[in-house]
Amino acid sequence: MTNNYPQQIASLRWLVAAALGLSALSAQAMEDESIYSYTRVEAGTGKIRGQAGSSQSFNVDGWIGGDFNRLWYQFDGERAGGRTEAAELQLLYGRYIAPFWDAQVGLRRDERPGQRTYLAVGVRGLAPYAFDVDLKLFVRDDGKVSARTRFENDFLLTNRFIARPYINVEWSASNLDATVRRGPYQTDVGLQARYEFNRQFAPYVDVSRTFYPRAQSGGQRPATTVRAGLRLIF
Amino acid sequence: MDELKRRSLQSLLSLGALGALPPAWAQLRAVEIGAVPVDRTYDLTIAETALNITGKPAMGITINGTMPGPVLRFREGDEVVIRVTNQLREITGVHWHGLLVPNSEDGVPGVTFPGIQPGETFTYRFKLRQSGTYWYHSHAALQEAAGYFAPIVIDPITPDPFKYDREYIVMLSDWNDTPPQQVLANLKKVDGFYNYRRITTPQFLAQLRNAPDKKAREAIWNDRMEWAKMRMDPTDFSDGGDEWTFLMAGKKPAENWTALFKPGERVRLRFINASPMNMFDVRIPGLPMTVVQADGQNVSPVEVDEFRIGNGETYDVIVQPKEAKAYSIFVPTIARIGYALGTLAPELGMSAPVPAMGPKPVRTMADMGMAGMDMSGAASTSGAADASGMAGMPGMDTKPAANAAMAGMAGMDMGKPAANTPGASMAMPSKPADKAMADMPGMSASGKPAPAAKPADSMAGMPGMSDQTAAAPITAPMDEDGLRRLKYALLRAATRNADNRAPERELLVRLTGDMTRYFWSMNDKKLSNAKPFKIGLGERVRIKMVNETMMEHPMHLHGVFMELVNGNGAFGPRKHTIIVPPAQTVELDVTYEDEGTWAFHCHLFYHAATGMMRLVEVA
């Protein structure tokens, strides 16, 4: 499967190369400008405590491009009790600005809970002490400003059994809607434990707790989510 | 044709039908070079070939159907013709690694010639201006890593200044069933895609727990934090991992490739590292090896128990097994992720114990030149090599022993001798060096390493000393673990280098890259966005390579021999490929005699392919 992969996406590479103004030369002279790609898919299913029915998550994170210019894509979806609760897509242009770091700019589109479009600007990379960092500022189509900060780190229990604690905070610069005030309004703290049969195939278990620190009355209450799933890289 | 010959031919043909035909010189019984005819004309066909190395069928690229390809045996001074037919679906080019040829014959597609188009035949013609052990391989994309390489042996006009009764080629390589382009794509996806030998959190905690005292514990903690802060991995000695198989003459360890000898004979082994991404440490337990050639060029003999061979390098050694027993040719990778293995034996079917590879190496901050070590000390290497001024020193004692001790000194490994950088040739002023000097006969304990290397130089330049160094081998100094390892500082050209002028200028080449993104560069620029270096024809240039990464880079310069600045003055060894250890500086002098645009690159092919390559315009 993996061996055919370069051919399968060859045409896509040309497209991306053209879009990014790169030469998609194969092999020969300037092979250091070849187009590469990375896609991570995590699909899990489980339960949010206190809620009836099951809960699924589907996340895609990846890029296609050269070393300096890349098209990044991210999709985050959640379902609970048979309903799609959240569906968010980001398409970003990323530019290598320093070792370990990319600057990103692009669009975010939410289909759920509401249909919204955002301008997204951020930086993403690896901070000292090997923290994966994703910092983003969003300007919504109605002008409201929010931000997202995400930190993750891998701890090797063995070389294949890896614990990944993470913290994701959503920030609001203004009242995004009736339930959200200025400041951090949603925090997810979690731990994903995966077993890498190889780099490309790893089942995982993920436990997280979601807080709504500034929620007004009528807002959501803290909840714990437990899911098991599969992480694929291709 | 007698019955036996017909049968062996049939079995060879059936082998050919199954997969690749093993080349005559690399069957399980090694073929002596003496049995390979010398020729001036060769026809080579490059084609995709089904191979089965690991037990699973995989595609490789072969020369005349075999991996490695056929040995080319030439005679020095001959005008040779090599016709290469490309049966691949992409451009190719054969590069004669280490041979001094006109630029148009150097075989780098898009640089020295347009390349050989699919279906075409290209004829290389050049006159051989040298003798020794070399090799040839593809210089297009990552074709070499698919099995596209083979040895070259050039017999000298004047016999080599050492004797031997038989000779064999020991070609080292590695193999992965995954095609090289996919290996690279994987390395681009995930940092350390193949590295499943990292230090785990429980291992780290155990280290802390087992530390003898608070100070040791702090040191372990600080080292770990320093690596984490730098976002680097101390176990990253190789980009490869368990999926690799290591081959000797194209054979797996289990196949027990065997080179025969009669007890008491002197056997010349011509080691070539054709591996695309692994360096090796070569040992023959129980047999000291006398290094007589490095990169095809004769050197003053050095007796060692182990030598490190970088990608693209060659070393010729003489061994003299006196007993009628088997000896293992044991060749672990420097990351200790596996080993290539063969046997030296008086008859077929014998084998010797295989030693343990030892623990997987882990770099320390000291190896990386951190933790308070003064990196400016690296500059003293150049001071040590300054041959001027000291020449003609009166009263110098030229006993070989003293010579050896001094040469060994310049190569003292300051950090952890056993583990990490045996190839290092830095003379850093630090405590261990002073101590070693105190032990040296006739040396004052207050001496400093840099000046101490000067007498060795001056001997080279002393009037009345023969250019041909005495054949009595010097002995490499013993490391803490009892092994005598070859160090670059011990390599001394057998004859004085032709150009003894002081360098007219210095060319700084920093070896750089981004490990996590997996691209590599020189002076922070990849080939595709860098201007060529410029060197004048006949200009004497000192190239100073500073490795700012944390991996060894075997740097290969086309079109000229690099004279390593290692304290041996006008006898600096002539090399086509030089390992630059992490965080260290290596200097070399060149004088180009052939014009044209030449390639200069890291011989870890995945590093070259991702940018660690530069063009050198010589005019």
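This is a predicted model: local features need pLDDT of at least 70, side-chain atom pairs count only at pLDDT 80 or more; totals for chains, interfaces and linings use all residues.
Two strands pair if DSSP finds at least two bridges between them, and helices (H or I, at least four residues) and strands (E, at least two) are DSSP runs, numbered from the N terminus. With that in mind, please look at chain B, where 4 strands form an open sheet in the order 3-8-7-5, with mixed pairing. Strand 3 (72-75) and strand 5 (94-97) of chain B are at the edges with a single partner strand each, so one side of each has no neighbour in the sheet. On average, and ignoring direction, neighbouring strands of this sheet are turned by 25 degrees against each other, where the axes are lines fitted to C-alpha atoms, for helices over the stretch in contact, and angles run from 0 to 180 degrees between N-to-C directions. Strand 3 of chain B runs parallel to strand 8 (residues 149-155) of chain B and is joined to it by 4 bridges, and Leu72(B) stands opposite Ile152(B) of that strand 8.

Residues are numbered from 1 along each chain as its sequence is written, and chains are lettered from A and ligands numbered from 1 in the order in which they are written.

A residue is buried if 20 or more other C-beta atoms lie within 10 Å of its own, exposed if 12 or fewer, and partly exposed in between, with C-beta atoms placed from the backbone; a nonpolar core is a set of buried Ala, Val, Leu, Ile, Met, Phe, Trp, Tyr and Cys residues joined through C-beta atoms within 7 Å. The largest such core has 154 residues, and among the members that touch the most others are Val170(B), Leu172(B) and Met248(B). Strand 9 (residues 166-175) of chain B supplies the largest share of this core, 6 residues. Two residues are in contact if their C-beta atoms, placed from the backbone, lie within 7 Å, and Met248(B), leaving out residues up to four places away in sequence, touches partners including Val170(B), Leu172(B), Trp257(B) and Ile329(B).

How many residues does each chain bring to the contact between them? Chain B gives 34 residues and chain A gives 27 residues. On the side of chain B that touches chain A, helix 2 (180-189), helix 3 (201-210) and helix 4 (214-230) of chain B are the elements that give two or more residues, and helix 2 gives the most, with 5 residues. Helix 2 of chain B is also mostly covered, as 9 of its 10 residues are buried, among them Pro180(B), Gln181(B) and Val183(B).

Turning to chain A, there are 2 helices and 13 strands, and 22% of its 234 residues count as buried. Its average pLDDT, the predictor's confidence in each residue from 0 to 100, is 87, and 84% of the residues score at least 70.

I will close with one residue. Val60(A), in strand 2 (residues 55-65) of chain A, is partly exposed, with 16 other C-beta atoms within 10 Å. Beyond its neighbours within four places in sequence, Val60(A) is in contact with Thr39(A), Val41(A), Tyr73(A), Gln74(A) and Phe75(A).
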